[in-house]
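Please look over the sequence and the model shown here before reading on.

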Amino acid sequence: MAALGGDGLRLLSVSRPERQPESAALGGPGPGLCCWVSVFSCLSLACSYVGSLYVWKSELPRDHPAVIKRRFTSVLVVSSLSPLCVLLWRELTGIQPGTSLLTLMGFRLEGIFPAALLPLLLTMILFLGPLMQLSMDCPCDLADGLKVALAPRSWARCLTDMRWLRNQVIAPLTEELVFRACMLPMLAPCTGLGPAVFTCPLFFGVAHFHHIIEQLRFRQSSVGSIFLSAAFQFSYTAVFGAYTAFLFIRTGHLIGPVLCHSFCNYMGFPAVCAALEHPQRRPLLAGYALGVGLFLLLLQPLTDPKLYGSLPLCVLLERTGDTKAPLCS
């Protein structure tokens, strides 16, 4: 919520049914109402998403296939209906994006190939150290590993694994749709693009606190450890959410954040402690450092908006009077 204060605040008014000049989207009667509508809409989406996981009463743990299947159903329903929240927001605020709702949410063909490949490449560069670590610890060589990874039988086995489907497909797709594609268009006119990158992930991070309920319920650890783990998870999910929000804004596509989310779910949090104790510690730590350095060096060039065509969120802000959004260039 703190991102709604200070210089980042853009106070928008609610437009009347009759058409107004585009510049009238700023100022006028009811200052700040758009921001409250935006925040309430995002909070409603986050609560609906998390709440959908608990509409099924079960004594089974979250990783049980039956629980995962039921949650697939409810979360897919909520995610499919989430664009209606953006549509309602548009009607309540009177903001006209200047593009279709699907385009605003990152469903478009212009620049789709670089939007799918370059953000994923950038994320893999960041994970250079963990990828080296995975390769060193793998008993098979690279050629054998690729054969297994590309084998139809391996993919068929994955598609019947409920945990794999949840972590690699359903969670990345639905979470990026709800927490990035739907929330960012509603927050950006209120806070501006920069603050929206850091405000949007707060909803994403808080949404992951529901794991505390299940850990306490099944006594998976001590209470202190559970809350410490939750705080850590909130921190890195918020950082990751800021990164995918940045990708969404800079590319104007949803596919890049979804693929990066899936890749990061597969890799997990980097095992830095294990790297420090690894037999080949020096080259491994060099890989970690090189990956971070190259990531920072290539972050701006590989997300240059010129590679992806017109950016819907930037068009939206131009129509609301903000022509100085630094993420748009």
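## Basis of the model

This is a predicted model, in which local features need pLDDT of at least 70 and side-chain atom pairs count only at pLDDT 80 or more, while totals for chains, interfaces and linings use all residues. Residues are numbered from 1 along each chain as its sequence is written, and side-chain values use heavy atoms, with hydrogens and water left out.

## Helices H4 and H14

Helix H4 (residues 112-126) and helix H14 (residues 281-302) have axes that come within 8 Å and cross at roughly 160°; helices are DSSP runs of H or I with at least four residues, numbered from the N terminus, and axes are lines fitted to C-alpha atoms over the stretch in contact, with angles from 0 to 180 degrees between N-to-C directions.

By class, the contact of H4 with H14 has 10 nonpolar, 1 polar and no charged residues (nonpolar: Ala, Val, Leu, Ile, Met, Phe, Trp, Tyr, Cys and Pro; charged: Asp, Glu, Lys and Arg; polar: the others, Gly among them).

## Helices H8 and H12

The axes of helix H8 (residues 162-191) and helix H12 (residues 255-267) come within 8 Å, crossing at roughly 135°, and H8 and H12 are therefore oblique to each other. Among the residues making the contact are Asn167, Glu175 and Glu176 of H8 and His261 and Tyr266 of H12, and the contact of H8 with H12 divides into 6 nonpolar, 5 polar and 2 charged residues.

## The cavity

The structure holds 1 cavity of 30 Å³ or more, and the largest cavity has a volume of about 30 Å³. Its lining includes Thr103, Phe248 and Pro312, and divides into 5 nonpolar, 3 polar and no charged residues.

Notes
Helices (H or I, at least four residues) and strands (E, at least two) are DSSP runs, numbered from the N terminus. On a 1 Å grid over the protein atoms alone, a cavity is a set of points where a 1.4 Å probe fits but cannot get out, and a pocket is an open set with protein on both sides within 12 Å along at least five of seven lines; lining residues have an atom within 4 Å of a point. Grid points are joined across faces, edges and corners, and a volume is the space filled by probe spheres set on the points. Angles under 35 degrees count as roughly parallel, over 145 as roughly antiparallel, 65 to 115 as roughly perpendicular and the rest as oblique. Contact means heavy atoms within 4.5 Å.
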